[in-house]
Amino acid sequence: MAGSHHVGSESSLASPSDQPHRTAFHFQPPKNWMNDPNGPMYYNGVYHFFYQHNPFGPLFNPQMYWAHSVSRDLINWTPLNHAFAPTQPFDINGCWSGSATILPGNKPVILYTGLDSEHHQVQNLAVPKDLSDPYLQEWVGYTGNPVINLPDGIQHDDFRDPTTAWLANDGKWRVIIGSQKDKKGIAFLYRSEDFVNWSMHESPLYEVAGTGIWECPDFFPVCVDSNNGVDTSVMNSRVKHVLKVGLYDYTRDYYLIGSYTPEKESFVPQNELTLDALRYDYGKYYASKSFFDPVKNRRILMGWVNESDSETDCIAKGWSGLQSFPRSIWLDQNQKQLVQWPIEEIKMLHENEVSIQNMNLEGGSIHEIVGITASQADVKISFKLTNLEKAEELDMSGIDPQVFCSEMDASKKGKFGPFGLLALASHDLFEQTAIFFRVFQNNGRYTVLMCSDQSRSSTRNGLDKTTYGAFVDIDPQQDEISLRTLIDHSIVESFGGGGKTCITARVYPTLAIGDDARLFAFNYGTESVLISELSAWSVKKARINIEETIGCT
Ligand SMILES: OC[C@H]1O[C@@](CO)(OC[C@@]2(O[C@H]3O[C@H](CO)[C@@H](O)[C@H](O)[C@H]3O)O[C@H](CO)[C@@H](O)[C@@H]2O)[C@@H](O)[C@@H]1O
């Protein structure tokens, strides 16, 4: 199954001057196109990460390969040969997304979508050629592939992206596959006793009319009383289940939280799938996938972060696509939403810590955070607001936060807000990516809005500079308003309210690059805010997809 193509090797420079937008600690291939994360898993001391890769160029091509990298710490990654290449009748037109499952006896398997010789989307099974190879470098397709064929009545290109499977008490494995019929998004449910013979359950696990095709579904349990993750097959009264679907029509990952009963194959969500529904990330982020990490009993999430520059730019750069920094993901105490946080291993890359406590940020002021490499940084800042009765009165119900953030961009003064960070800023602030909050009140209730404003992120035209926005479900009377932002040359990943609201953006500064980039805390509101705590670090370059002795990672 392994292709003869190698992914190539990354140069040792973080961002050479002709590549100011390559990242230092985000996962990306040495060159060419990458989209969805595939089959992340932990096996015998090694983390495996596969991804959709076009080895022949920096643009999407349906003839996808599965590239494969391994890591011992989720930070430094070693590239291996492709795991799957489109070579067999069941995947000759492309090896598309899929997931790994660890079967009893510690046997990893992968289910992935193949585009067969008739361009039908079918589901294929693959196993490692040699389980004693610590890096599982070669994978072989099951001789009876495909194991799941296109269902009757479904269009040939509307059936893809199998999830990690889960095992219920009846001894049957379950897997869901994304689909649509007449614009109704569907998660088809298949069951199997042996992982080879699969039959479709009479009803889908879930479906919602009018949502279009569901890509890259994910279905997993989350604990109701702990931040720990659990294996995908765990089912008991102490877990709820999450169904995540990628809506192709909007390139957004939405999720539902609910109760799953395997005996009835019923999933009853507590929230609705509408365009205002919960999202993992309210910026540029798609096709994500989670896996259970038994080493630290946590669930880890990674998602594809596409470029915001043009195809011509991607051809000039020679690459396209990043993965988000791995995030731990768990159910919030209120059980109404998920929380995400960069995995703690990022500390391995921290240096030059800078900290500030209890600094008043007057209305209309900025404060430069010096002493760190602002183009490669991890920043945590918490704001404390007093005199909240002075907050602007505004009924935010029915308001689209993204539209509001683009109309009320970082230059528009309010009372409480905008305040936050100016990342990847040039010395004259001509270039800046502003991640900020605004606080409003209505009938004694407060609303916290978080925005990521890319409108001044680059002097260049022809970029997607969409401003993103979302609400943060916190009460500023009780809670400080916290922001954590990972800055890595062309990606700005922000976590508001302790990870309750995440926004990721891609930016391409021309002035604020390398050592010329600066970082500021700012408050353009009229009311002052207190920076109760700020910690910021330079983030060292990780060894990502640099060929080396594998055992050293
Ligand atoms: O690589 C195939 C897998 O990617 C997914 C989700 O990302 O489907 C991709 C899809 O193509 C669109 O997305 C491309 C990047 O992912 C984009 O560059 C292309 O122009 C888009 O059409 O593939 C089909 C056919 O193009 C389209 O319906 C999808 O959105 C996932 O579902 C695949 O397994």
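I take helices (H or I, at least four residues) and strands (E, at least two) as DSSP runs, numbered from the N terminus.

**Ground rules.** I am working on a predicted model, where local features need pLDDT of at least 70, side-chain atom pairs count only at pLDDT 80 or more, and totals for chains, interfaces and linings use all residues. I number residues from 1 along each chain as its sequence is written, and side-chain values use heavy atoms, with hydrogens and water left out.

**Polar contacts.** I looked for pairs of N or O atoms within 3.5 Å. A polar side-chain atom of Arg 160 is 2.7 Å from a ligand oxygen. For Asn 35, a side-chain N or O atom is 3.0 Å from an oxygen of the ligand. Ser 97 uses a backbone N or O atom, 3.1 Å from a ligand oxygen.

Alone, the ligand exposes 610 Å², and the protein buries 75% of that. Areas are from the Shrake-Rupley method with a 1.4 Å probe. I find the ligand in the second largest pocket. A pocket is an open set of points on a 1 Å grid over the protein atoms alone, where a 1.4 Å probe fits, with protein on both sides within 12 Å along at least five of seven lines. To sit there, more than half of the molecule's atoms must lie within 2 Å of its grid points.

**Annotated span.** The unreviewed UniProt entry annotates residues 26–342 as "domain: Glycosyl hydrolase family 32 N-terminal". I get 2% helix and 47% strand for this span, with its end C-alpha atoms 12 Å apart.

**Backbone checks.** Most residues other than glycine have a negative phi, and most peptide bonds are trans. I noted a cis bond joining Asn 145 and Pro 146, omega about 0°. Pro 146 is in the loop between β8 (139–141) and β9 (159–160). Another cis bond joins Gly 417 and Pro 418, omega about 5°. Pro 418 is in the loop between α2 (401–407) and β29 (419–425). Asp 182 has a positive phi, near 50°. Asp 182 is in the loop between β11 (173–181) and β12 (184–192).

Definitions and conventions:
A polar contact is a pair of N or O atoms within 3.5 Å; within protein, one must be able to donate a hydrogen and the other to accept it, and residues adjacent in sequence count only if both atoms are side-chain atoms. On a 1 Å grid over the protein atoms alone, a cavity is a set of points where a 1.4 Å probe fits but cannot get out, and a pocket is an open set with protein on both sides within 12 Å along at least five of seven lines; lining residues have an atom within 4 Å of a point. UniProt positions are given in the numbering used here, feature names are shortened, and annotations may be inferred rather than shown by experiment.
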